[in-house]
Amino acid sequence: MAKKFNPKMATGNDLLEGDVVYFSDGRWTRVIGEAELALSPEAEADLLGRASQFPNQVVGVYLTDVKLDDAGRAVPAHFREDFRMLGPSNRPEHGRAGQGA
Amino acid sequence: MYMYDDFDAAFVRGRVAEFRDQVARRLDGTLSEAEFLPIRLKNGLYLQLHAYMLRIAVPYGTLDSRKMRQLAYIADRWDKGYGHFTTRTNIQFNWPKLKDVPDILDALADVDMHAIQTSGNCIRNVTADHFAGAAADEIEDPRPTAELLRQWSTDHPEFAWLGRKFKIAVIASEHDRAVLKSHDIGVRIVRGVADEPGYEIFVGGGLGRTPMVAKQIRSFLPKAHLLPYLESILQVYNLQGRRDNKYKARIKILVHETGIDRFRELVETRFQEKLPQFNGVNQKILRRIEGSFVPPAFEAAQPMPPVLGAGLQSWIDTNVAAHRLDHYGIVTVSLKGIGETPGDASSDQMRLLADLAEEYAHDELRVSHEQNIVLPHVPRRHLPAIYDRLKAAGLATANIGLISDIIACPGMDYCALATARSIPVAQQIAERFHELGLEHEIGPMKIKISGCINACGHHHVGHIGILGLDRAGVENYQITLGGDGTETTVIGERAGPGFSYDEIVPAIERIVSAYLDVRTDPEETFIECFRRVGMTPFKEALYPPEEARSNAA
């Protein structure tokens, strides 16, 4: 039986600021809900290819599994991506969670 | 305090200018990320989960008020108002912007500091006993030797691309406060049969995924032979160490696979060839360095105030160690406030520590590998004033060596390599035992927590070690017991299956309850008790049979 395909998004860190960013249709956003989704293995390769076209803007680009919320937007599937999204749990005020984003 | 000479100052400024140019070329796209990555790492700049991280070297953990104030300034101007002191006695800033890093490095150079070789496969920051120069049991101050090694290893062309990172520590007493035997090379200052100065050399220690206790390679090395001998070790490692697998590339693997006797032969053969090439210049340099580490002008004995408050007395009993002079003390300021992040200090706290060092303590500060700050030379008559000011700043926690004085790496709250969080586990353990009021009842206890197998949190040598892993997408914590990071170094033994994030603090509580039950009397410490009774009672406490579990529920 074929393994179930998990939806993916492309993420990386902003070259200048180091911030966590997500790829969204030709641009990079700090809002995970705007992340573009790959819903098939073909779309996955295409997404990574397009997200890798910004070597002087975003570094360390990779694909990661996501779950979808009720509105079909990306939410992290793994706790590592939760921390990347929210910031350090010991100092939430310094992460994005503390900045209302 | 060692002050940069013209050569040091020009070298560090040159590196800052070079890095400024490299950053500019990265930002305009001339340098690719693949080209820039090894360059930024050589200058201490990492990319972590949420931001860049700059790791700044604090050689042998020694700071003065000028350096500490500059760190506070950097925290306020370019970061988020705090820094994190590490188990390698460095400081890390968690939020610098790439374009600001050259300015930060210039600000460091203003106070004789840098971030060179705090990353990469090179010889890293040389550490020393954090009580150096103050401890009652030391033969001599180990820091001149550490400074000699720092100068020798900085930008040493032959050792710029080792198979893996390389860590050296120096101590000068029987009692090891610097985790010497967990280093690639451990140097212990000793005296020979005719009381001549020299070194005992250990090699091949390390933590990480394959923990090893360093082995003695030389029981006595004459003082003048240190650099040729260490170069011989490094050359054997550089030529014969593995480069095909990064997990087998540390010198500990080479020493283990070669066997210490054969490895010693290889080193000694190389040493005989190398010794004549050294003409003694380094010993002249060492004597000049020793001139920078003269003891402070200690004051004459003066009386302590006759009556001390209970809080002050408890803090003195717990946080102040014997100095080589009776009327002085060595103060360890805990960066482990209950519920705080181990090793973090705010810029205000850094400035207070700088003020206290300058006003009361001969202007010296140390960073300990246990992530606390030490005032090594404090006249005891000043302890009440120091305590009051620490207390007002939330820095008077009386817990040094107790269960809440926990080493914790940054873990998945910051680190890109982490597999689980460390900091909140440390915070919750400290809060739980504080709430129970059991810290002093439990007595000496070292809990050390790492958020991945690389073991920055030294979990292998914790009396209780905790290792955070990712098990099928969930944080899971393995417990080791009986580890020891002193002169009797032992790698802790794994207790059994791991615990979830929610289960780990109750699991630690069960270990501690078992200890309180089985110890012979309150004088028997946890580690002594573990050595006497072994793993069994702790295993039973950690993994009760099903029936006992359901009855307890």
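Which residue stands opposite Lys67(A) in E5(A)? Select strand E5 (residues 74-76) of chain A and E4(A), which pair in the antiparallel sense over 3 bridges, and you will find Val75(A) opposite Lys67(A). Two strands count as paired if DSSP finds at least two bridges between them, while helices (H or I, at least four residues) and strands (E, at least two) are DSSP runs numbered from the N terminus.

This is a predicted model, in which local features need pLDDT of at least 70 and side-chain atom pairs count only at pLDDT 80 or more, whereas totals for chains, interfaces and linings use all residues. Residues are numbered from 1 along each chain as its sequence is written, and chains are lettered from A and ligands numbered from 1 in the order in which they are written.

**Chain A**

Stay with the hairpin that E4(A) and E5(A) form, and select the 5 residues between the two strands, where Gly72(A) in the turn has a positive phi of about 80°.

Now show the whole of chain A, which holds 2 helices and 5 strands, in the order β-β-β-α-β-β-α from the N terminus on. Taken along the principal axes, its C-alpha atoms fill a box of roughly 45 × 30 × 20 Å.

**Where the chains touch**

Next, select the contact between the chains, which takes 22 residues from chain A and 22 residues from chain B; residues are in contact if their C-beta atoms, placed from the backbone, lie within 7 Å. On the side of chain A that touches chain B, the elements giving two or more residues are strand E4 (58-68) and helix H2 (79-86) of chain A, and H2(A) gives the most, with 4 residues. Coloured by class, that side of chain A has 8 nonpolar, 10 polar and 4 charged residues, with Ala, Val, Leu, Ile, Met, Phe, Trp, Tyr, Cys and Pro counted as nonpolar, Asp, Glu, Lys and Arg as charged, and the others, Gly among them, as polar.

**Chain B**

Move to chain B, which contains 18 helices and 21 strands and whose C-alpha trace spans about 70 × 60 × 60 Å along its principal axes. An automatic or database domain assignment divides chain B into domain 1 (6-109), domain 2 (142-292), domain 3 (319-392) and domain 4 (407-552).

Select strands E6 to E10 of chain B to see an open sheet of 5 strands, ordered E6-E7-E8-E9-E10 with mixed pairing. Strand E6 (127-128) and strand E10 (215-222) of chain B are at the edges, each with a single partner strand, so one side of each has no neighbour in the sheet. E6(B) runs parallel to strand E7 (residues 168-171) of chain B, with 2 bridges joining them, and Ala128(B) has Val170(B) as its bridge partner in E7(B).

Finally, select helix H11 (residues 347-360) and helix H12 (residues 383-392) of chain B, whose axes come within 11 Å and cross at roughly 170°; axes are lines fitted to C-alpha atoms, for helices over the stretch in contact, and angles run from 0 to 180 degrees between N-to-C directions. The contact is made by Leu352(B), Leu356(B) and Tyr360(B) of H11(B) with Ala385(B), Ile386(B) and Arg389(B) of H12(B), and these residues divide into 5 nonpolar, no polar and 1 charged.

Key
Contact = placed C-beta atoms within 7 Å.
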